[in-house]
Amino acid sequence: MMDGTEQGVIEVQHISKNYGRVTAVDDVSFRVERGEILGFLGPNGAGKTTTMRILTGYMPPTEGRAVVAGFDVFDKPLEAKRRTGYLPETPPLYPDMTVREYLDFVGKIKGVPPRERKARVQTVMERTRVADMADRHCSKLSKGYRQRVGLAQALIHNPEVLILDEPTAGLDPKQIIETRDLIRGLAGDHTIVLSTHILPEVAQTCQRVVIINKGRVVAVDTPDNLTARLKGAATMYVQVDAGGADAAAALAAIPGVKRVASADGRAPQPGDASFASGNERASEPADPDRQNAGQPATLPSHASSEMSRLSPAAFEVESEPDVDVRRELARAVVNRGWGLLELRPVRMSLEDVFLQVTTEEHPEEAPRA
Amino acid sequence: MRNMLAIADKELRSYFASPIGYIMIGLFSLLFGWFFYVYLMAFNQQSQQMMQFGGGGGGANINQMMIRGLFQNTAVIILFVMPMITMRTYSEEKRSGTIELLLTSPVTDLQIILGKFFGALALYAAMLLVTMIYMAMLFKISNPEWRPIAAGYLGLLLMGGCFLSTGLFISSLTKNQIVAGFLTFATFLMLWIVNWIGESSSPTTRAVVSYLSITEHFDDFARGIIDTKHALYYLSFITFGLFLTAKSVDSERWRG
């Protein structure tokens with residue numbers, strides 16, 4: 001504890017983990033300060049779960065050391081574990097137990113004193129809003145409840161450190177929002193590391209982000225700083241009711257506009273965007289960036305012959321940084337007698353940062369095109 | 001100690017939360033009852049014959065003639081039913097991911113292993129306890145000696161402990177309950193029949209092989225003799241099984 005106050009609550013120093021010849025985690029280092037929420041972001045198979053398992057003392061690293069709450073997880077595993085709450089990827093529930101029995105059992109093995117246990121179980125059940133299912137068997141719970149009981153389990157001994165492996169996986173949108181609020185509410189009292197591959201989640205919950213890819217840390221920063229890297233690319237989504245080369249050319253002629261790309265291929269209809277993405281991200285608010293990410297690189301005006309048939313036409317207009325072209329865009333459209341149906345900024349999101357740093361060879365040097 | 005008890009308690013409850021605990025107890029007492037009946041009838045017949053043909057004297061010895069055989073058969077029943085107790089202990093935790101909860105809690109591997117072992121042993125003890133109803137009936141209709149019976153039960157408990165520690169080890173090797181169950185059963189069978197090879201080979205081989213055979217050591221217990229040699233064999237067997245389990249859990253950790 002003594003040095004726990006001077007160091008970060010979690011210190012990860014050059015840890016590597018090999019499974020046979022496969023390197024799952026390669027020389028990862030980071031630290032987490034007291035009361036902070038750190039997002040651990042990476043594609044599937046990047047080594048997030050392995051890192052978390054090392055932090056929780058589930059498995060030792062092949063190399064390096066990890067200190068949690070002032071205790072080396074390998075040399076003093078019991079001390080470190082006593083101060084760590086862990087929600088694994090699949091909530092570790094015993095199907096035959098009721099929620100209350102289960103939390104009571106976890107309380108026992110986590111060292112909650114017998115006198116306090118009952119009250120503690122009640123507190124965490126209320127905090128995670130599972131109290132209404134207290135006497136239901138874990139096997140009968142819905143996915144959302146399982147996840148929350150998993151969270152309750154991690155909180156039962158009021159640990160200093162919380163390690164949450166994809167805490168919102170499989171929840172519906174309402175539950176995701178509730179869970180995020182809950183997690184945010186826990187910060188301060190607890191130091192939290194959470195992993196996810198859902199980007200908006202990081203932006204909304206975390207103060208700092210570690211992006212990991214193929215076992216290596218590729219970026220560590222605040223979500224704002226990471227998105228700021230993309231400042232070079234302010235993009236507007238413009239929809240006009242007169243299509244064609246004219247419109248594209250007119251927009252491209254505005255000073256400050258770098259590029260005009262057709263956004264028609266998958267014209268974003270607000271509302272159906274979430275259907276298009278289909279998977280768990282359907283729960284995210286309709287997110288124009290996704291279309292943007294999937295778009296073939298910019299098509300300058302030569303592609304516009306095809307657009308001429310389409311009416312109305314939508315464009316993505318990329319401008320110089322720090323130049324607000326909205327006024328000029330609107331004027332250019334209206335002056336030509338066209339109708340301006342929609343004009344809104346397409347914010348570059350963490351997703352772009354993520355794709356950038358996880359696909360580029362040298363993310364630090366690469367200037368944003 | 002408290003952690004170990006917490007885990008043992010959880011294990012024992014889990015047997016009774018699913019039908020498995022009831023099935024085990026029911027099945028075991030049914031089989032035991034069947035053998036009990038068969039041996040009792042046989043004994044009855046024999047003792048009548050002995051009375052007819054003038055054995056007279058103290059009559060037939062129920063401990064030697066009935067209970068010994070009954071215990072030996074019980075040993076065989078145990079061999080068949082034990083894999084069902086142990087096959088899920090570790091496999092199920094690995095499959096469902098609850099092993100992550102146990103291994104990231106402030107409990108030692110040893111506490112987990114002993115907790116699981118004693119949880120299973122408690123179920124087994126409950127199975128044996130139910131068979132004592134039959135023994136009580138025997139005391140009602142006859143007058144057997146209780147000490148040899150107690151020795152027999154002690155032997156059953158120790159031998160069962162060996163099966164349980166072996167089963168625990170095998171269960172810690174795989175995520176698949178069926179594989180664990182089958183391997184455990186095959187191993188038990190080997191430990192039982194290993195002395196058959198001994199019968200037709202040289203005296204040295206026979207001595208070694210019969211020392212290895214789990215059931216061979218039970219014979220004295222069935223007769224009502226508590227020999228420290230056999231008790232020690234069982235205890236070291238149990239310790240060895242638990243040691244292997246500990247190694248298996250630990251190596252799993254490193255391999256990930």
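Predicted model: local features only at pLDDT ≥ 70, side-chain atom pairs only at ≥ 80, totals over all residues.
Reader: What is the corresponding percentage for chain A, for residues 24 or more positions apart?
Author: Chain A holds 14 helices and 14 strands, and buried residues make up 45% of its 369 residues. Among its contacts with a separation of 6 or more, residues 24 or more positions apart account for 74%.

Reader: How many helices does chain B have?
Author: Read along the sequence, chain B follows the pattern α-α-α-α-α-α-α-α-α-α-α. Its secondary structure comprises 0 strands, and the number of helices is 11.

Reader: What is the radius of gyration of chain B, and why does it agree with that of a compact globule?
Author: The C-alpha atoms of chain B fill a box of roughly 70 × 45 × 30 Å along the principal axes, and 38% of its 256 residues count as buried. For 256 residues, a compact globule would have a radius of gyration near 18 Å, and the value for chain B agrees with this: 20 Å.

Reader: Which residues have the most contacts inside the largest nonpolar core?
Author: In soluble globular proteins, nonpolar side chains tend to be buried together. The largest nonpolar core here has 129 residues. Its largest share, 10 residues, comes from helix H6 (residues 109-141) of chain B. The residues with the most contacts inside this core are Val68(A), Tyr102(A) and Met159(B).

Reader: Which residues does Met159(B) touch, not counting residues up to four places away in sequence?
Author: Met159(B) is one of the residues with the most contacts inside the largest nonpolar core. Once residues up to four places away in sequence are set aside, those it touches are Ala75(B), Ile78(B), Ile214(B), Phe218(B) and Tyr234(B).

Reader: Which element gives the most residues to the side of chain A that touches chain B?
Author: The contact takes 21 residues from chain A and 20 residues from chain B. On the side of chain A, the elements that give two or more residues are helix H2 (77-82) and helix H3 (99-109). The residues on that side divide into 12 nonpolar, 4 polar and 5 charged. With 4 residues, the element that gives the most is H3(A).

Reader: Is strand S9 of chain A largely enclosed or exposed, and why?
Author: In a regular strand the side chains alternate between the two faces of the sheet. Arg208(A), Val210(A) and Ile212(A) on one side of S9(A) are buried, as are Val209(A), Ile211(A) and Asn213(A) on the other. Because 6 of the 6 residues of S9(A) (residues 208-213) are buried, the strand is largely enclosed.

Reader: Which strand pairs with S9(A) in the antiparallel sense?
Author: Strand S3 (residues 37-41) of chain A runs parallel to S9(A), with 4 bridges between them, and Leu38(A) stands opposite Arg208(A). The antiparallel pairing has 5 bridges, and in it Asn213(A) is the bridge partner of Arg216(A). The hairpin has 2 residues between the strands, and Lys214(A) takes a positive phi near 45° there. The antiparallel partner of S9(A) is strand S10 (residues 216-221).

Reader: What arc do the buried residues Ala247(A), Ala248(A) and Leu251(A) cover around the axis of H9(A)?
Author: These three residues are buried in helix H9 (residues 245-252) of chain A. They lie on the same side of H9(A), because the arc they cover is only 100°.

Reader: With which residues is Glu33(A) in contact, leaving aside its neighbours within four places in sequence?
Author: Glu33(A) lies in the loop between S2 and S3 of chain A and is partly exposed, with 13 other C-beta atoms within 10 Å. Its C-alpha is 7.0 Å from that of Ile10(A), which is 23 residues away in sequence. The residues in contact with Glu33(A) are Gly8(A) and Val9(A).

How values were computed: Residues numbered from 1 in each chain as written. Chains lettered and ligands numbered in written order. Core = buried A, V, L, I, M, F, W, Y, C linked by C-beta atoms within 7 Å. Buried ≥ 20, exposed ≤ 12 C-beta atoms within 10 Å, placed from the backbone. Contact = placed C-beta atoms within 7 Å. Nonpolar A, V, L, I, M, F, W, Y, C, P; charged D, E, K, R; others polar. Pairing = 2+ DSSP bridges. Rg over C-alpha atoms; globule rule 2.2 N^0.38 Å. Arc of directions from axis to C-beta.
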